[in-house]
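Dear colleague,

I am handing over a structure that may be new to you, and I would be glad if you looked through it before reading on. My notes on what was found follow below it.

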Amino acid sequence: MLTDNEKAGIINSHIRNIEVNKYNAETLITAEQALETPNSDFITLQNGRISQFDSQIDALKAELTKLNVTEDLTGYTTVTLTPEAPQV
């Protein structure tokens, strides 16, 4: 059985993927609007997708509030790489 922390990690991963898809739709709108004759149907479709992405994010955030999370899972781990000393 998954712990609440593990469930939260999975939910946060899904939220991140949806945020990426939402940004992609926003970028598609920007690119379409740059055309001499933008396709309004395409822009309307993308705006609908953005609205659906927002609804999905809200639903997943609501699920997060139901979990008893004991550690911060919202951030990303930063790894600092240092060059290895030359071997002699």
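How much accessible surface does the protein chain have, and what share of it belongs to carbon and sulfur atoms? The accessible surface comes to about 7,100 Å², and 54% of that area belongs to carbon and sulfur atoms. Please keep in mind throughout that this is a predicted model.

As for the overall layout, the protein chain contains two helices and zero strands, and of its 88 residues 18% count as buried.

Turning to the charged side chains, the structure holds three salt bridges, and I will go through them in turn.

One of them joins the side chains of Glu19 and Arg16, with a distance of 3.9 Å from N to O, a value that passes because the cut-off for a salt bridge is within 4 Å. Both residues lie in helix α1, which covers residues 4–33, and because they are three residues apart there, about one helical turn separates them. Glu19 has a relative accessibility of 33% and so counts as partly exposed, while Arg16, at 42%, also counts as partly exposed.

Another salt bridge pairs Lys22 with Asp54, whose closest N and O atoms are 2.7 Å apart. Asp54 counts as partly exposed, its relative accessibility being 28%.

The remaining salt bridge is formed by Glu63 and Lys66, and here the closest N and O atoms are 2.8 Å apart.

The C-alpha atom of Gly48 is separated by 9.6 Å from that of Ala25, although the two residues are 23 residues apart along the chain.

Note on methods: Residues numbered from 1 in each chain as written. Predicted model: local features only at pLDDT ≥ 70, side-chain atom pairs only at ≥ 80, totals over all residues. Heavy atoms only, no water. Helix = DSSP H or I, 4+ residues; strand = E, 2+ residues; numbered from the N terminus. Buried < 20%, exposed > 50% of the residue type's maximum accessible area, 1.4 Å probe, protein only. Areas by Shrake-Rupley, 256 points an atom, 1.4 Å probe, with all protein chains shown as cover.
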